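Here is a friendly briefing to read alongside the model. Take a look at the sequence and the fold, and then we can start with one side chain.

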Amino acid sequence: MRAAVTGGGPGGLYAAALLARRGHEVTLWERNAPHDTFGFGVVLSDETLGGIENADPEVYAALSAEFVRWDDIDVVHRGRLLTSGGHGFAALGRRRLLEVLHERCAGLGVDLRPRREAPGPAALAASYDLVVAADGVHSATREALAGHFRPTVTTGRCRYIWLAADFAFDAFRFEIAETEHGVMQLHAYPYSADSSTVIVEMREEVWRAAGFDLCDEAESAHRCAKVFGEALRGRALRGNRSAWTAFRTVVNERWSHGNTVLIGDAAHTAHFSIGSGTKLAVEDALALADAVTAAPDVPTALAAYEEARRPAVASTQRAAAASMRWFEEIAGYTGQPARQFAFNLLTRSRRVTHDNLRLRDPRFTRTVERDFGCPDEATPPMFTPYRLRGLTLRNRVVVSPMDMYSATDGVPGDFHLVHLGARALGGAGLVMTEMVCVSAEGRITPGCAGLYTDGQAAAWTRIADFVHASAPGTALGVQLGHSGRKGSTKVMWEGIDEPLPEGNWPVVAASPLPYRAGVNQTPHALTRPGLDLIRDQFTEAAARAAACGFDLLELHCAHGYLLSGFLSPLTNHRTDAYGGTLEGRLRFPLEVFDAVRAVWPEDRPMTVRISATDWAEGGTSGEDSVTIAAAFAAHGADAIDVSTGQVVPDERPEYGRSYQTPYADRIRNALGVPVIAVGAISSWDDVNSLLLAGRADLCALARPHLYDPHWTLHAAADQGYEGPAAPWPPPYRAGSRKPPTGKG
């Protein structure tokens, strides 16, 4: 097979070598000279090196002889150095990596064509059996075929520059400098016995305020060396065609078209803070060579390559995005205690977790746990108590509100008793009801529970009594809400958000905008009498909830329901005092909050659930969510339950593990307000990590508690915890140890 490769970076060279080693005729074009390169050092993981060793032992041997290896990460926070060990890195100079790969390609007969522009994608596709586009983040191939690859390029909010120091750091070093212009951060690591890569990064506005936008390479290097003089021991920094840039995250809907395929940065990028660019490119080359060898033809090979690589790349990009956002928001973390800051930094991408760090460096992790308040090594962070007003929760786990759509005329029945009772027996510190509607017209579906009649109140009292008697120490919370424009619909499993075939009731909202035009009802825009009526319905429901014995009340201001509909500019188009600016859009939700707080017992806490982003252009933003949270906190909210989305049907959520927690994190660290994190938190390790890092005070889990009502007790058993924060009910104690299983 005749193969063309465009781009002479590590990914392109290695793909060329692997294809040539397997008997193919390969030509590679590179516009620059053979040893021209930007940057200085590259980091590769043991996993990547293992793949190289298996695919090409000769390349592996040459690289192994060059690697600098180290285990430690140093974090410097306000002059204090903290070290965490056991991480395991390997790096070498980028120039040396290219030399090794050039030599290997030449030895295998690759036709190397440096200093020459490659023919256009169409010409290459017509002349070769396979075209490998490894032409980088600014890929000409990708741009020429954008209609097929459908790229999305997102620019980050920081500026950074690659520099080098002529000495070797002892460890991977992260350091912050709190300057008069704002926070600047240093990322540095050794790549040879006498050289280190140094990356300096800061927010765009800090970069401009500091005047770096007016500096050339030499001046930038000089000024960065002054800012981080102590870390550099007074030594200079140097550049290598170095320029300030903003990171561009590249995502493509497709990686191949015909016989042309993208690899490396042409296909996808991941922020440098998790050291993955070269790693991903090399792994792409490995996967592509394997696919070409195994498949009967090129289209099959390219489909197999993409299928094999997409999950790993998507995972890496999610981790890199989390890491990039963390550094973009680093100014919000500098006030944390030093060890918590270091732990937060180490776990920022969610790839390193509390449990993982306990294995890597138990001593460091134990000091972080002790600072957090864990009384001993046997008590994980999730099993420490937390106080909200007069309520002390025995642990940090919350059963998140989940609509069951199983009530009759708003009355919770035996199903609710068993459902909530089972989760209360399962060990969580706080069990929340589903959204309990404040009126019949405020229901989402005919199956929604309510608290607007004495009969409903009696049924809820029965459930609260059971929880308090049979699961002592478990708190029971009620979430009150009104469906707004999302009401009068089918139960979820019959057609979520679809209108009822018959028996619909009129719906109301901030503005006369249907949830889905032509599908859902157009709501009636509330006037003063309607606003007063709904406010009173909330207070009446809250008074009933207090009499039922609920320990905590949450006001539902999220997910596009009535109060959420007032908050979002996408759903509130009012021109009166209840619309317009965010202050105006907050007015009615705050009036309802104040009215409920006035009748809710003083010693019992009250929380608010918000959608911190609408995941839609022009909607509520992360910045808005901080303002919204601050307003509710100023009116007496004891904690903010931070969810996202479900406000408009054309939302585009960025799903992933713990994907909503950055919004909770931001609110907590910007305002110092307690937060409940929620959203794809599925493991006890995630819970412990979020708590220790200071990203949340409580963690709410929904689906894990549907899968396992005793999730909290099983989390305790898995961690060997047998303390008072997760007591097994006496009838269940015989099952407190995981049963033995047969051999696999």
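A polar atom in the side chain of Asn395 lies 2.7 Å from the backbone nitrogen of Gly429; a polar contact here is a pair of N or O atoms within 3.5 Å, where within protein one must be able to donate a hydrogen and the other to accept it, and residues adjacent in sequence count only if both atoms are side-chain atoms. This is a predicted model, in which local features need pLDDT of at least 70 and side-chain atom pairs count only at pLDDT 80 or more, while totals for chains, interfaces and linings use all residues. Residues are numbered from 1 along each chain as its sequence is written, and side-chain values use heavy atoms, with hydrogens and water left out.

**Around Asn395**

- Asn395 sits in the loop between strand S19 (391–393) and strand S20 (397–399); helices (H or I, at least four residues) and strands (E, at least two) are DSSP runs, numbered from the N terminus.
- With a relative accessibility of 0%, Asn395 counts as buried (buried is under 20% relative accessible area, exposed over 50%, partly exposed in between, using a 1.4 Å probe and protein chains only).
- Neighbours within four places in sequence aside, the contacts of Asn395 include Met382, Phe383, Leu698, Thr712 and Ala725, contact meaning heavy atoms within 4.5 Å.

**Around Ser488**

- Ser488 belongs to the loop between strand S22 (475–481) and helix H17 (492–495).
- Ser488 is buried, at a relative accessible area of 2%.
- The side chains of Ser488 and Asn504 are joined by a polar contact of 2.7 Å.
- Setting aside residues up to four places away in sequence, Ser488 touches several others, among them Arg443, Ile444, Trp505 and Gln521.
- Ser488 and Ala440 are 48 residues apart along the chain, and their C-alpha atoms are separated by 9.9 Å.

- Three strands make an open sheet with antiparallel pairing, in the order S3-S7-S4; two strands pair if DSSP finds at least two bridges between them.
- Strand S3 (41–44) and strand S4 (68–70) are the edge strands, each pairing on one side only.
- On average, neighbouring strands of this sheet are turned by 30° against each other, direction ignored.
- S4 is joined by three bridges to strand S7 (residues 89–93), and the two run antiparallel.
- Trp70 stands opposite Phe89 in S7.
- Helix H4 (residues 94–107) lies across S3 and S7, at about 80° to S7; axes are lines fitted to C-alpha atoms, for helices over the stretch in contact, and angles run from 0 to 180 degrees between N-to-C directions.

**Cysteines**

- How many disulfides are there, if a disulfide is a pair of cysteine sulfur atoms within 2.5 Å? The count is zero.
- Cys437 is in no disulfide, and the nearest cysteine sulfur, that of Cys448, is 4.7 Å away.
- Cys437 is buried, with a relative accessible area of 0%.
- Cys105 is buried, with a relative accessible area of 0%.

**The whole chain**

- The protein chain has 25 helices and 29 strands.
- Its radius of gyration is 29 Å, close to the 27 Å that the globule rule gives for 744 residues, so the chain is as compact as a globular protein of that length; the radius is taken over C-alpha atoms, and the rule is 2.2 Å times the number of residues to the power 0.38.
- Along the principal axes, the C-alpha atoms fill a box of roughly 85 × 65 × 60 Å.
- Of the 744 residues, 58% count as buried.

How values were computed
Disulfide = S-S within 2.5 Å.
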